[in-house]
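Student: Could you take me through one part of this structure up close? I'd like to look at a pocket.

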Amino acid sequence: MERREFVASLVAGGCAGMCVDLTLFPLDTIKTRLQSQQGFYKAGGFRGIYAGVPSAAVGSFPNAAAFFVTYEYTKALLGTGGVFALPHVAPVTHMLAASLGEVVACLIRVPTEVVKQRAQASLSSSTYNILLATLREEGVRGLYRGYGSTVLREIPFSLVQFPLWEYLKTLWSSRQGHTLYSWQSAVCGAVAGAVAAFVTTPLDVAKTRIMLAKAGSTTASGNIPLVLYDVWRSRGIAGLFAGSIPRMTFISVGGFIFLGAYEKVRRTLL
């Protein structure tokens, strides 16, 4: 991967991340409150819809930049030769690149998610106070609570979204006979994002419950199957897919902005 491509992926990824996170933040707040243990209205309802936005603003650029740099670098590395360079193996290459990208990005994403979601579900405290309280009560480890569940949510999501995105782009491009425009890549991103969002909603519910749980509780231990079973037992299938509509809307519109902005900025820089 050339230095120019590295810088382009870094800047384009960061800009795309900030665009989508800040534009669609209210939908993310609604989704978090729908999934919280105390219920939507007790978690704040429609009040303070921008609670936790400082955390999202700080984390969105480096988080998205880390993902795309890793994604593009891995794609370039695997595509240099051997079995991964074959056209029919491309989906596997995209899956591996996206999975590795998520593992790296979550090192930045999880601490900002923990603080953001706690601010979204508790209007009585500011983002800064929640950060201090988390460090005081649980240490740095508290900021990484839910890292495993976040990675286990993001990898299946990326395994669906990115190969589907690349496939839709290839299909559309071959049918019209030339490279897609940025808005067309964005449309492919919206479709891929909506499909991936719905499929992985139960994992997102588990992640939210783990991050919001009281320190020392069974849920806070991060046992995903146990959390999912508890949700299913208390709220059924509807509980497992709580927040799926705002999540699908958020990620579909987000995929349009995120992947469209990424392609546009990256092409401009290259």
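Student: Which element gives the most to the lining of the largest pocket, and how many residues does that come to?

Tutor: That's α5, with five residues. Before going on, this is a predicted model, where local features need pLDDT of at least 70, side-chain atom pairs count only at pLDDT 80 or more, and totals for chains, interfaces and linings use all residues. Residues are numbered from 1 along each chain as its sequence is written, and side-chain values use heavy atoms, with hydrogens and water left out.

Now the pocket itself: its volume is about 440 Å³. A pocket here is an open set of points on a 1 Å grid over the protein atoms alone, where a 1.4 Å probe fits, with protein on both sides within 12 Å along at least five of seven lines; lining residues have an atom within 4 Å of a point. Points are joined across faces, edges and corners, and the volume is the space filled by probe spheres set on them.

The largest pocket has 21 lining residues, and R118, M211, L212, A213 and K214 sit closest to its centre. Both α5 (127–143) and α8 (201–212) supply at least two residues of that lining; helices are DSSP runs of H or I, at least four residues long, numbered from the N terminus. Domain 1 (1–145) and domain 2 (165–259) each put in at least three residues, with the bounds taken from an automatic or database domain assignment.
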